[in-house]
Amino acid sequence: MADISRRLFLKEGMAGMLALTVAPGLVSCEINDEKDRTRFRRLAPEAGSYDVVVAGGGPAGFIAAIAAARKGAKVAIIEKYGFLGGMATMGYVAPLSVFAFKNDLVIGGIPWEFVKRLESMGGAFIEWPKANIDFDVELYKLCCQRMVLEAGVDLYMHSTLVGCETEGKKITKLVIDNKNGLETISGKTFIDCTGDGDLAWMAGVPMQENPDGDVQPSSFCFILSGVDTDSELLNKCMYHNGINGPSQCKPVREKLLAMKEAGADLPDFGGPWFNNVLHKGSVAVNITRRAADSTDNRNFTQTECELREDIFKFTQVLKENFKEFANCYVSSTAPQAGIRESRRIKGVHTVTAEEYVNAFHYEDSISRGIHPIDMHASKGSAQMRIDLEQPAYVPYRCLITEDYPNLLVAGRCISTDRQALASLRVQASCMGTGQAAGAAAAMAAATGVKVQEVNTEELISTLKEWGAIL
C-alpha cells in the first residue's frame, strides 16, 4: 500500500498549525499548543469519557460491553449500524455455533445468559447436543439492546470509527463520525471488536500475514420465504444438531454440482445451508461465496454487488429445480455480506492449529471453542473440515499485544493462525473472547495497570463466577 496521507487544516497561514492527519488506516492529531487543542476540540468535541470503550457491537462487542459494565466500569459501545448483533443481525449468519459438546456447555457465562434470555422471549431454539442456536433476527436485536442498556452501557449507534488519538502506543481517544459530525470519545481502556481489527490497525498494531494472500470467501446470506419448511428435505437439513446428518443440504448440493458439471452457468457456491429462523415457511440461506477483501472499500463493494446478483440467480435455480422451493421468494437480504477472514493481530501469543486441535490448556485460558476447523476455498465449492475430539482453549495473551498498554481485541481479529481462526471465528467463540476482554478491560481501568499486567488468576476467577467453563 502506498504511503500517502491527507491533511485537513483548520486555518491556513497560522503558526503552530493543527492538523488532523489521515493516513491509510491511521488517524492522529498534531497539536502544538493549547490554542491548537481548542481548535481541534471545536472540530471534534468530546462526546464522553469512559473507563472502557468498545468498538463494534457484534457478538464479541455487546458481550464485552456487558461484561465490563458488570465488573463496575463506565462503558461506551460504538456501532456503525443502528442495531447490535453483528454477523447474526447484519449478516444473517445462522445458527449461532457452537455452545456445547455432547450436551455439555463449552461457552458459558454472559453469552449463555443471552441465549437463555433470547429463548425466553421466543427468539431462540437450542439444538442439542451441540447447542447451536436458531434465532429470530429481530428479537435478537431487541435482546442485545435490552441487556446492554440494563448493564448501563452508553450507546453510540450509527457512528463510524474514523481514527484514534494516541500518546506513544497508548490510545487516549477514538474519533467517530455521525450525524453530529466528528466527535471524540476518551477512555482508559479500549476493546477492538470490529471483526476486521479496524481500531488495532488504526493504532498501528502489527497484523498477521497470510503468505499466499488468500482469504476465506465472503457469503451474502438472505431469507427465503414461501418455502415448504414442513417437507422432508427441509426438516432434515435446516436443523444443525448433527443428528440428521451433515449441516449442508446434500441433495441440493449434488444437484447444483451436477448442473455445473453439465455446463450450467452457476456461480461458485458453498453448502448450501438452510437455517431455521423460527418462522414457518422461511429459512436463512447460506449459499453464495466470492473471495473478497472486507478491508478494501472498492473490492468489497464490487463483491457485494456480484453476490447480490448471485442471490437471485440461485433463488431462481431453487424455484425451478426443487418442489420445496417452487413458491419461494427473497423476503430479505442481509445488510452486508458475511466475512469469514480479514485482519488478525500479532498478539503476545498466537494460537496455532496444533495447539487448538490438541486442546492445549494454557495457564491463562479464558475461553473455549468446539466448532470444527472449517476452511472454505476462495474459489470453487470445496471445504476443508476438521472435527474436534474435545473442546479447545483460548489464552488471554491472544487478546493483547506486546506494546499497546490499554488495547484488547476480541472476536475474529484475535491472534491466531488461519486454521485456528477457521474455528474461532464463529459467534459463540467470539462471545467467549468478548466476555473475557470486557472483564479484563474493566480490571485494567480500575487498577490503572497495563492490559499486559492484568491479574489473570483474578480474571479467570471472575469469569468462572459468571459461569464460564474454563
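Me: Which strand gives the most to the lining of the largest cavity, and what makes a residue part of a lining?

Reply: Strand 18 gives the most, with 3 residues, where a strand is a DSSP run of E of at least two residues and a helix a run of H or I of at least four, both numbered from the N terminus. A lining residue has an atom within 4 Å of a point of the cavity, and a cavity is a set of points on a 1 Å grid over the protein atoms alone where a 1.4 Å probe fits but cannot get out. Among the residues that meet this condition are Ile366, Ser367 and Arg368, and helix 11 (427–447) also supplies at least two residues. The model is predicted, so local features need pLDDT of at least 70 and side-chain atom pairs count only at pLDDT 80 or more, while totals for chains, interfaces and linings use all residues. Residues are numbered from 1 along each chain as its sequence is written, and side-chain values use heavy atoms, with hydrogens and water left out.

Me: How do you know what kinds of residue form this lining?

Reply: Ala, Val, Leu, Ile, Met, Phe, Trp, Tyr, Cys and Pro count as nonpolar, Asp, Glu, Lys and Arg as charged, and the others, Gly among them, as polar. By this division the lining of the largest cavity has 6 nonpolar, 4 polar and 1 charged residues.

Me: What makes strand 11 and strand 12 a pair?

Reply: Two strands pair if DSSP finds at least two bridges between them. Strand 11 (residues 160–167) and strand 12 (residues 170–178) have 7 bridges in the antiparallel sense, so they meet the definition. The two strands form a hairpin with 2 residues between them, and glycine 168 in the turn has a positive phi of about 65°. Glutamate 167 stands opposite lysine 170 in strand 12.

Me: Why are strand 15 and strand 17 said to stand at the edges?

Reply: The open sheet of 4 strands has the order 15-16-14-17, with antiparallel pairing. Strand 15 (269–276) and strand 17 (329–333) each have a single partner strand, so one side of each is left without a neighbour in the sheet. Strand 15 pairs with strand 16 (residues 282–288) over 5 bridges, and asparagine 276 stands opposite valine 283 in strand 16.

Notes: On a 1 Å grid over the protein atoms alone, a cavity is a set of points where a 1.4 Å probe fits but cannot get out, and a pocket is an open set with protein on both sides within 12 Å along at least five of seven lines; lining residues have an atom within 4 Å of a point.
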